[in-house]
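Let's take a tour of a protein fold, one piece at a time. Keep the picture open while you read.

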Amino acid sequence: MTPPAAASPQLDEKLVELPVHAAEVPWQIVVWNDPVNLMSYVSWVFRRHFGVDARTAEHLMMQVHTAGRATLAEGNREHMERHAEAMHEYGLWATVERAPR
């Protein structure tokens, strides 16, 4: 005697993956904690460059300080690379990475 077959889900839908144009792939700018810059300076840079209010800048700065990193913006790769260059000019450590889906 054979044991009853285990119930397996029946999938009616077929998974279709559509190609995504490179411009549609989201990227993000990540600012990293560093031992050099003052917290007030980092907050000032966030306000000046990204145009966020003081409260948001403080929150992001504390995230950098405590978690070691903070995501400041998300968009296409070229735009995020321009933000990273600007952060480097301010003396901050920043990288561009693909945004999680």
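## Before we start

When this report says that two residues touch or are in contact, it means they have heavy atoms within 4.5 Å. Also keep in mind that this is a predicted model.

## The sheet

Let's begin with the strands. Three of them form an open sheet in the order E2-E1-E3, and the pairing is antiparallel. Strand E2 (69-75) and strand E3 (93-98) sit at the edges with a single partner strand each, so one side of each has no neighbour in the sheet. On average, neighbouring strands here are turned by 25° against each other, ignoring direction.

What holds strands together in general? Strands of a sheet pair through backbone hydrogen bonds, in a parallel or an antiparallel way. In this model, E1 and E3 pair in the antiparallel sense over six bridges. Look for Trp27, which stands opposite Arg98 in E3.

## Helices on the sheet

Now for the helices. Helix H2 (residues 54-67) packs on the sheet and touches E1 and E2, with its direction at about 130° to that of E2. Helix H3 (residues 77-89) packs on the sheet too, touching E1, E2 and E3, and its direction makes about 15° with that of E1.

Thr71 is found in strand E2. Thr71 counts as partly exposed because its relative accessibility is 33%. If you skip neighbours within four places in sequence, Thr71 is in contact with Gln28, Ile29, Val30 and Leu60. Thr71 and Leu18 are 53 residues apart in sequence, and their C-alpha atoms are 27 Å apart in space.

In soluble globular proteins, nonpolar side chains tend to be buried together. The largest nonpolar core here has 20 residues, and Ile29, Val31, Phe46, Phe50, Leu72, Met87 and Leu92 touch the most other members. At least two residues of this core come from each of E1, helix H1 (39-50), H2, E2 and H3.

Which residues does Leu92 touch, not counting those up to four places away in sequence? They are Val31, Asp34, Asn37, Tyr41, Val42, Val45, Phe46 and Met87.

Technical notes
Residues numbered from 1 in each chain as written. Predicted model: local features only at pLDDT ≥ 70, side-chain atom pairs only at ≥ 80, totals over all residues. Heavy atoms only, no water. Pairing = 2+ DSSP bridges. Helix = DSSP H or I, 4+ residues; strand = E, 2+ residues; numbered from the N terminus. Axes fitted to C-alpha atoms, helices over the stretch in contact; angles between N-to-C directions. Buried < 20%, exposed > 50% of the residue type's maximum accessible area, 1.4 Å probe, protein only. Core = buried A, V, L, I, M, F, W, Y, C linked by side-chain atoms within 4.5 Å.
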